[in-house]
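Please look over the notes below alongside the model.

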Amino acid sequence: MKAYQETRVIMYDRIRKLRKNNHITQAQLASQLGISRRTYANYERGVHAMPAEILVRIADTFDTSLDYLTGRS
């Protein structure tokens, strides 16, 4: 269970950094993903688990891999 939690922390931190480095607000990214800002914010803070579909769309948005987002590379 600890490894899962560490992966989530890494993943949400990387997503947040990518978003900020690209000067995109939570509201803007949420709109691109077709979800509410509140839902996105809860994903980014780790309050709720991010569905795989959303994770793939984020990887596509930032032209990165799922391995990078999840801390596997």
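1. Terms come first. Helices are DSSP runs (H or I, at least four residues; strands are E, at least two), numbered from the N terminus. Helix 3 is followed by Gly-46. The phi of Gly-46 is positive, near 80 degrees.

2. On provenance: this is a predicted model, where local features need pLDDT of at least 70, side-chain atom pairs count only at pLDDT 80 or more, and totals for chains, interfaces and linings use all residues. Residues are numbered from 1 along each chain as its sequence is written, and side-chain values use heavy atoms, with hydrogens and water left out.

3. Helix 3 covers residues 37-44. Its buried residues are Tyr-40, Ala-41, Asn-42, Tyr-43 and Glu-44. Buried means under 20% relative accessible area, exposed over 50%, partly exposed in between (1.4 Å probe, protein chains only).

4. Gln-26 is in helix 2, residues 26-33. Is Gln-26 buried or exposed? Gln-26 counts as buried because its relative accessibility is 19%. Beyond its neighbours within four places in sequence, Gln-26 is in contact (heavy atoms within 4.5 Å) with Arg-19, Arg-37, Tyr-40, Ala-41 and Glu-44.

5. Tyr-12 lies in helix 1, residues 2-21. Tyr-12 has a relative accessible area of 5%, so Tyr-12 is buried. Leaving out residues up to four places away in sequence, Tyr-12 touches Tyr-43, Glu-44, Gly-46, His-48, Ala-49 and Met-50. A polar atom of the Tyr-12 side chain lies 3.1 Å from the backbone nitrogen of Met-50. His-48 is 36 residues from Tyr-12 along the chain, and their C-alpha atoms are separated by 11 Å.

6. Now the helix packing. Helix 2 packs on helix 4 (residues 52-61) at about 110 degrees, with the axes 10 Å apart. Helix 2 is therefore roughly perpendicular to helix 4. Angles of 65 to 115 degrees count as roughly perpendicular, under 35 as roughly parallel, over 145 as roughly antiparallel and the rest as oblique. Axes are lines fitted to C-alpha atoms, for helices over the stretch in contact, and angles run from 0 to 180 degrees between N-to-C directions.

7. Which residues make this contact? Helix 2 gives Leu-29, Gln-32 and Leu-33; helix 4 gives Ile-54, Arg-57, Ile-58 and Thr-61.

Notes. A polar contact is a pair of N or O atoms within 3.5 Å; within protein, one must be able to donate a hydrogen and the other to accept it, and residues adjacent in sequence count only if both atoms are side-chain atoms.
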